[in-house]
Amino acid sequence: MDVNAAVAAVAAIAGVCTGVVAMLAFRLSERERGRSPRSAPPAEPTLPPGVDTVLSVLRSSAVVLDESDTVLKASSAAYALGLVRGGRLAVEPMLKMARDTRRDGEIRQLELDLPRRNRPGRADLLAVSARSAPLGARLVLLLVEDLTEARRIEAVRRDFVANVSHELKTPAGALSLLSEAVLDAADDPEAVTRFAGRMQNEATRLTNLIQELIDLSRVQDNDMLSQAELVSVDELVTEAIDRCRQQADGRQITIASGGTADLSVWGNRGQLAAALGNLVENAVNYSPPHTRVAIAGSLVTSGGGDLVEIAVTDQGIGIPETDRERIFERFYRVDPARSRATGGTGLGLAIVKHVAASHGGEVLVWSAEGQGSTFTLRLPEPGSARERHLAVRRDRDGLGGTLHEPAEFPEQADADTEVDGQGDPQSTRTNETAREVLP
């Protein structure tokens with residue numbers, strides 16, 4: 001009896017212990033189950049399906065920020081504009097706008113003028129328009145448009161219209177006054193002949209001005225790349241000489257050509273011919289009688305690749321140093337009285353500068369008062385020029401590009417500092433090859 005009671009007591013104690021252990025195990029399991037979701041690391045934010053594809057076809061620069069203001073992804077244009085640096089949005093007003101949008105979910109927009117990267121000494125600014133919008137529950141999207149070029153063109157057009165109005169009014173007013181003088185002098189054949197000659201001169205000035213306005217409009221609006229071809233420099237020189245032959249012969253000015261033969265450039269033949277023709281025409285107009293004008297082509301090597309130079313040298317009056325930086329401005333004349341006498345409009349060199357820039361080149365000037373001037377048209381050699389044209393076309397026809405993570409764009413030095421092929425910020429050297437043609 002005592003043995004049975006002891007066995008029963010032991011069994012009861014074992015059952016109680018088993019129940020306690022099972023209860024403790026159940027409680028621990030429930031606790032761990034409730035704790036595991038809270039202790040798991042938060043999921044990385046990702047773009048909603050399809051958003052990456054949609055943003056990649058936009059021309060705007062796109063930046064996606066997560067809830068901690070870290071750049072999740074951004075387009076290559078955003079990195080190029082300096083909006084994203086070190087994985088963060090570098091423009092404080094845009095960052096504040098994004099935070100406000102994350103807080104209340106409202107779409108916002110603002111326009112900013114930003115200093116260009118690594119150009120502290122430059123006065124030009126980067127004009128942008130930014131729009132922020134919520135992207136899902138945790139992300140904010142920024143779309144940024146570069147308005148710099150549009151604003152520059154708008155300012156140029158305003159100035160252009162004002163200048164054109166003034167320039168057209170001058171010959172038109174002169175024609176009106178001369179026509180009245182002809183009517184008043186109807187009984188004086190000699191006076192009529194004199195006034196008619198002056199009317200003819202003013203009409204020629206007006207015609208030349210209108211033609212150069214048309215030429216300037218063409219070089220600005222036409223797509224140079226759609227008509228680019230391999231152009232012989234010798235043919236351009238011959239065409240420029242033929243264009244000014246009669247005018248030079250009338251003033252007994254000799255036009256000579258020389259330099260390296262069989263050079264070629266890649267570009268729009270008509271625009272290149274117009275640019276070189278303007279340089280030769282200026283050289284003839286501003287040279288005294290019985291002098292020479294030289295045209296020479298050469299191939300030069302620079303740090304940025306080979307360049308084709310076409311230099312036009314005269315023995316004219318030269319250009320004062322104070323005017324050399326402004327001679328490429330539209331309607332600017334060093335000597336307005338002499339320009340009117342020669343029929344100049346002040347647009348020829350502006351056309352040359354625009355054509356050179358659109359072909360990836362530049363136009364340089366060397367001058368000394370009383371000794372003459374040399375204008376040098378510098379263009380990339382055909383191979384690099386063609387590659388540049390194709391790259392510009394791809395950028396123009398292409399879209400905004402896929403979005404990239406900040407790790408794909410390490411911080412680099414700004415590559416858009418303006419230098420010439422020699423590494424110098426400016427160059428105004430003469431072209432000795434062209435001057436060798438002169439006596």
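The model is predicted: local features need pLDDT of at least 70, side-chain atom pairs count only at pLDDT 80 or more, and totals for chains, interfaces and linings use all residues. Residues are numbered from 1 along each chain as its sequence is written, and side-chain values use heavy atoms, with hydrogens and water left out.

**The sheet.** Strands (E, at least two residues) and helices (H or I, at least four) are DSSP runs numbered from the N terminus; two strands pair if DSSP finds at least two bridges between them.

Now select β14 (residues 372-380), which runs antiparallel to β13 and is joined to it by seven bridges. W366 has T374 as its bridge partner in β14, while V365 has F375. On the β12 side, seven bridges again make an antiparallel pairing with β14, and the β14 partner of V312 is F375. In the hairpin of β13 and β14, with three residues between the strands, look at G370, which takes a positive phi near 85°.

Colour β14 by burial, where buried means under 20% relative accessible area, exposed over 50% and partly exposed in between (1.4 Å probe, protein chains only). Nine of the nine residues of β14 are buried, so the strand is largely enclosed by the rest of the structure. G372, T374, T376, R378 and P380 point one way, and S373, F375, L377 and L379 the other.

**The helix pair.** Show Q271, L272, A275, N278, L279 and N282 of α8, which meet G348, L349, I351, V352 and V355 of α10; contact means heavy atoms within 4.5 Å.

Finally, select T101 in helix α4 (residues 92-104). Leaving aside residues up to four places away in sequence, T101 touches E106, R108, S132, A133, P134 and V140.
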